[in-house]
Amino acid sequence: MLEPVALTLVLLSAFLHALWNALLKRQEDPESAMVSVVSVAVVLGGLWTLGLEGEAFPSRTGWLWALTAGFFEGIYLFSLARSLRYAPLGLAYTVARGGALLLVWPVSVLTLGEAVTPLTVMGAVVLGAGLVVTGLVRIEGSATRGIGWAAVSAVCIACYHVAYKQALGVGAQPAPLFVVPMIVALPILLLTRVRGGGVDAVLRPVRQRPVLLLATGAFCTLSFGMLLTALAHAGAGAVLTLRNTSIAFALGLAVLQGERPGRKQISGAVLVIAGAVLLGWPS
């Protein structure tokens, strides 16, 4: 049972993660806006590291895992922005987060020694069924491209999840483990966006909606910080299970933004959430 403080932190983290994705969806050019969002996260993350005690990365292995996480973060953040350009928020978010959970589970079992239980197997089956039902949603026009980019996001989320876990396992501290991958991801985002639209494309969202960009970057950083704080005070299984409520929050925010998910999309999201709960249930 989570303590009230940890429970509040993890639910806020889930909501803020869905919220910063929803705010990014409101941008006319999500890929360019993402550059500014990550820049804000780097600055705020740097402030988070002030007063850090002890070594940020006690071993070279921790550095290597942090750099690996940053590489996949860069591709993830770009593919996330691209998916939100073309696909509805609720649909893209469900595919990205649910797909990542389904991918990371067998990797965790094979490489991280996580136990296989009847509940986790059932969770994987239910989650997979949810993604299948979500895939049956009728998608028209460019939204198909968006779902493809959401699938790329899912693969990257799974990869950086493993990298973060490996880095923490060799003593890396959470604050620098957030900042270093963001620093690595930033030039990847800059390169892809400058090549795609030039420097003016990167600066345009800053001129048009600076407050929205600042808020999005702040919510992104707060979401991660609250998650790590909750993990420091409670069991990882319970925290990560509740963290997956972000899928439900994203669906609710999508409705507030004018999306009208159909019965299949809602059913798929419910199955994904149920599968995530079973996968993360403490053994």
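The side chains of Arg-193 and Asp-29 meet in a salt bridge, with N and O 3.3 Å apart. A salt bridge here is a side-chain nitrogen of Lys or Arg within 4 Å of a carboxyl oxygen of Asp or Glu. Arg-193 lies in helix 7 (residues 174-208) and Asp-29 in the loop between helix 1 and helix 2 (30-48), so the pair ties together parts that are 164 residues apart in sequence. The model is predicted: local features need pLDDT of at least 70, side-chain atom pairs count only at pLDDT 80 or more, and totals for chains, interfaces and linings use all residues. Residues are numbered from 1 along each chain as its sequence is written, and side-chain values use heavy atoms, leaving out hydrogens and water.

Helices (H or I, at least four residues) are DSSP runs, numbered from the N terminus. Buried means under 20% relative accessible area, exposed over 50%, and partly exposed in between (1.4 Å probe, protein chains only). Arg-193 is buried at 10%. Asp-29 is also buried, at 11%.

The structure holds six salt bridges. Asp-200 takes part in a salt bridge with Arg-204 (2.9 Å, N to O). Asp-200 and Arg-204 are four residues apart in helix 7, so about one helical turn separates them. Asp-200 is partly exposed, with a relative accessible area of 41%. Arg-204 is partly exposed at 32%. Arg-207 also forms a salt bridge with Asp-200, the closest N and O atoms being 2.8 Å apart. Arg-207 is exposed, at 52%. Elsewhere, salt bridges that share partners join Asp-29, Glu-31, Arg-82, Arg-85 and Arg-193 into one network.

The disulfide count is zero, a disulfide being a pair of cysteine sulfur atoms within 2.5 Å. The cysteine sulfur closest to that of Cys-159 belongs to Cys-156; at 6.3 Å, the two are too far apart for a bond. Cys-220 is in no disulfide either, with the nearest cysteine sulfur, that of Cys-156, 15 Å away. Cys-159 is partly exposed at 27% relative accessibility. Cys-220 is buried at 12%.

Helix 6 (residues 143-169) has 27 residues. Its span from first C-alpha to last is 39 Å, close to the 39 Å expected, taken as 1.5 Å times one less than the number of residues. Gly-171 follows helix 6 and has a positive phi, near 95°.

Leu-7, Leu-11, Phe-15 and Phe-249 form a nonpolar patch on the surface, together with about 270 Å² of accessible area. Patches are made of residues with over 30% relative accessible area and no salt bridge; like charges are joined within 9 Å, nonpolar side chains (Val, Leu, Ile, Met, Phe, Trp, Tyr) within 5 Å. Areas come from the Shrake-Rupley method with a 1.4 Å probe; for residues, only the protein chains shown count as cover. Helix 1 (residues 4-25) gives the most to the patch, with three residues. Phe-249 is found in helix 10 (residues 246-256).

Definitions and conventions
Helix = DSSP H or I, 4+ residues; strand = E, 2+ residues; numbered from the N terminus.
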